[in-house]
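Please open the structure in the viewer and keep the sequence beside it.

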Amino acid sequence: MSNPSPPAEHPVEFTHRQILTILGGLMMGMFLAALDQTIMATATRTIADDLQGFDMQAWATTAFLITSTISTPLYGKLSDIYGRRPFFLFAIGIFIVGSFLCGLSENMWQLAAFRAVQGIGAGGLMSLALAIIGDIVPPRERAKYQGFFLAVFGTASVLGPIMGGFFAGADKILGVDGWRWVFYLNVPIGLAAMAVVAKVLHLPHHRVDHRIDWPGALTLIVTLVPLLTVAEQGREWGWDSGKSIACYVIGVIGLIGFILAERAYKNEALLPLRLFGNRTVAVGAASSTILGMAMFGGLMTVPLYLQIVKGSSATMAGLQMIPFVVGIMSGSIISGQLISRTGRYRIFPIVGSVLMVVALFLFSLVGADTPLWRTMLVMVMMGLGLGSNMQPMITAVQNAVSPREIGTATGAVTFFRSMGGTLGTAVFLSVLFNVLPGNIRDEFTTAQQTPEFQAALQADPAQQELLKQATSGDALTDTSFLGRLSDVIAHPFKVGFSESVHVVYLLAFAVMLIGLIVVFFLPELPLAQRSAQQARAEDALQAQKSAGVPGPGGGPVPAATDG
C-alpha cells in the first residue's frame with residue numbers, strides 16, 4: 001500500500017518588513033563571500049611572503065575557485081529537493097570553519113587546502129540567497145530586493161581592499177599576525193549571520209524524494225578541476241605544455257561523461273539539459289558567461305592601472321573604485337524600481353550591455369596621462385551597465401522556470417557567470433603579461449632618445465640601476481621600484497603598461513559586443529505576481545483538491561517549515 005501524499009501547505013505571503021528581516025540575514029551571508037574575494041586581493045602578497053610561498057600563491061586562489069564553482073549547482077539542486085534553510089546554514093558554517101583554519105595556516109599548502117574548504121561554503125552563499133528571494137518575493141517585486149545584494153557586493157568591493165591593506169600592513173594585532181585577521185574577521189560576521197538566518201528564515205517546504213545525481217556531480221568535478229587549474233596556472237606552465245594538454249584532455253573526457261550523466265538522469269539531473277531548451281535560461285546562461293568574462297577580465301586591470309600608473313596605494317585604489325560601486329548600486333536600484341512599476345525587464349539587460357560596451361571602449365582610450373576624473377566617469381558607466389544587467393537577468397530566468405526549479409536555475413546562472421569570470425581572468429591576464437614586456441621596452445627605447453630622459457639619468461646616477469630593473473624580466477613581479485624612479489624615467493613604464501591594458505579592454509569590448517547580440521534574443525515574458533513558494537503551495541493545493549485529498553477538518557494542513 002503506497003503512502004498518501006502529505007497535505008499541501010497554505011500559501012504564505014510575506015510582509016515587506018518580514019522580507020527585509022530575512023534579507024538582513026541573507027545579506028550578511030553574501031557579505032562574507034564578497035568581502036573574502038576583495039580583501040584577499042590586497043593581502044595575498046603579504047600572506048605569501050610570510051608563509052614563504054610566493055611562487056605558490058596562485059594555488060590558494062585556484063583551490064577556492066574550484067570548490068566554490070563546483071558546489072554552486074549542487075547547492076541549487078539539493079536545496080530544491082530538501083529546502084533552502086539547512087543548506088544556507090551549512091554554507092555559512094563551512095565558510096566559518098574554513099576561515100578559521102585559514103587563519104591557522106603555517107604554510108601555503110595548508111592555506112590552499114583550507115581555502116578549498118572556504119570555497120565549499122562560498123558556493124552556496126550567493127546562489128542560495130538569490131534563490132531564497134525568489135521563493136518569498138514575486139518576480140515583479142524581486143528586482144527591487146535583489147538590488148540590495150548588489151549593494152553588498154559594491155560595499156565589499158570598497159571595504160575589502162582597504163581592510164586587506166590595513167590587516168596586511170599590521171605586524172601584530174592582539175598578539176596575532178595582522179594578515180591572519182583577514183580570515184578571523186569572517187568568524188564573528190558568520191556567526192551573527194547564522195544566528196539571524198536560523199531565527200528568521202522559516203520557509204514552507206515539502207520534501208520531494210528524487211535520485212541525487214552523484215554521477216553528474218562527479219563528472220562535473222572531473223571536468224572543472226583540470227580546466228580551472230589550467231585557467232589559473234596556464235600562463236606559468238605554458239598553454240601548450242604537457243601539463244596543460246593533460247588538463248584539456250581530462251576536462252573534455254569529464255565533459256562528455258557529464259553530458260551523458262545529465263541525459264540519463266533527465267529531470268533529476270544536477271543541471272537538467274531540458275532547462276537549456278528554455279530560451280530564457282539558454283540566453284541567461286550564455287549572457288552570464290560573457291558578462292563574467294567582461295566584468296572580471298576587464299575590471300581586474302583597473303586597480304592595477306590605479307596603483308602602477310597613478311601611483312595609488314592598494315587602500316587608495318580601493319577608495320578610487322567607489323564610482324564603480326556607485327554605478328552598480330544606482331543601475332540596480334533604478335532597474336529594480338522600473339521593473340516593479342512596469343512589469344518589463346528585457347530592456348534593462350540590453351541597455352546595461354550597451355553601457356558596458358561603450359565603457360570598455362572608453363577604458364581602451366585611457367592613457368598614462370588621462371586625468372583620474374575621466375577614468376572615474378567611465379567607472380560609473382561600467383557600474384551602471386553591470387547593475388542594469390546582472391539582477392534583471394536573474395529575475396528573467398527565475399520567472400521563466402517552474403517554481404520547483406528556482407534553485408537549480410539560479411545556481412546554473414551563477415555557475416556560468418563564475419566560469420566566465422575565471423576564463424576571462426585567465427585569458428586577459430595572459431594577454432596582458434604577453435604584450436607588456438615588449439611595450440615597456442619599446443617605450444623606454446623611444447624615451448632614451450629624448451634630452452629630458454638623458455638629463456634625468458645624468459642628474460641621478462642611481463636611476464641607471466633602477467632603469468635596469470624596470471626593463472628586466474623581474475619588473476612585473478615587483479613594481480615597488482617605480483616609487484623610486486623620477487617622473488621622467490618612470491613615465492615610459494607607465495605608458496607601456498597603459499598601452500598593454502588597452503589591448504585587454506579592446507578584447508573585453510569585443511567579447512561584450514557578442515554579449516549584446518546574445519541579450520537581444522532574451523524573450524519578454526509576463527512577470528508572475530506570485531512568489532515561488534506561493535506558486536508551489538497553490539499548485540499542490542489544486543493537485544490535492546483534484547485528487548480529493550482532504551486535510552483534518554476537510555482542509556489542507558500547513559506543512560512543516562524549512563528546518
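How many helices and strands does the protein have? The protein has 20 helices and two strands, where helices (H or I, at least four residues) and strands (E, at least two) are DSSP runs numbered from the N terminus. This is a predicted model, in which local features need pLDDT of at least 70 and side-chain atom pairs count only at pLDDT 80 or more, while totals for chains, interfaces and linings use all residues. Residues are numbered from 1 along each chain as its sequence is written, and side-chain values use heavy atoms, with hydrogens and water left out.

Begin with the entire protein. Of its 563 residues, 55% are buried (under 20% relative accessible area, with a 1.4 Å probe and protein chains only).

Next, select helix α4 (residues 108-136) and helix α16 (residues 406-447), whose axes come within 9 Å and cross at roughly 140°. The axes are lines fitted to C-alpha atoms over the stretch in contact, with angles from 0 to 180 degrees between N-to-C directions. On the α4 side, display Met126, Ser127, Leu130, Ala131 and Gly134; on the α16 side, Ile406, Gly407, Thr410, Gly411 and Thr414 make the contact (heavy atoms within 4.5 Å).

Finally, select Asn399, which lies in helix α15 (residues 372-400). Is Asn399 buried or exposed? Asn399 is buried, with a relative accessible area of 13%. Leaving aside neighbours within four places in sequence, Asn399 is in contact with Pro139, Arg142, Leu525, Pro526, Leu527 and Ala528.

Definitions and conventions
Buried < 20%, exposed > 50% of the residue type's maximum accessible area, 1.4 Å probe, protein only.
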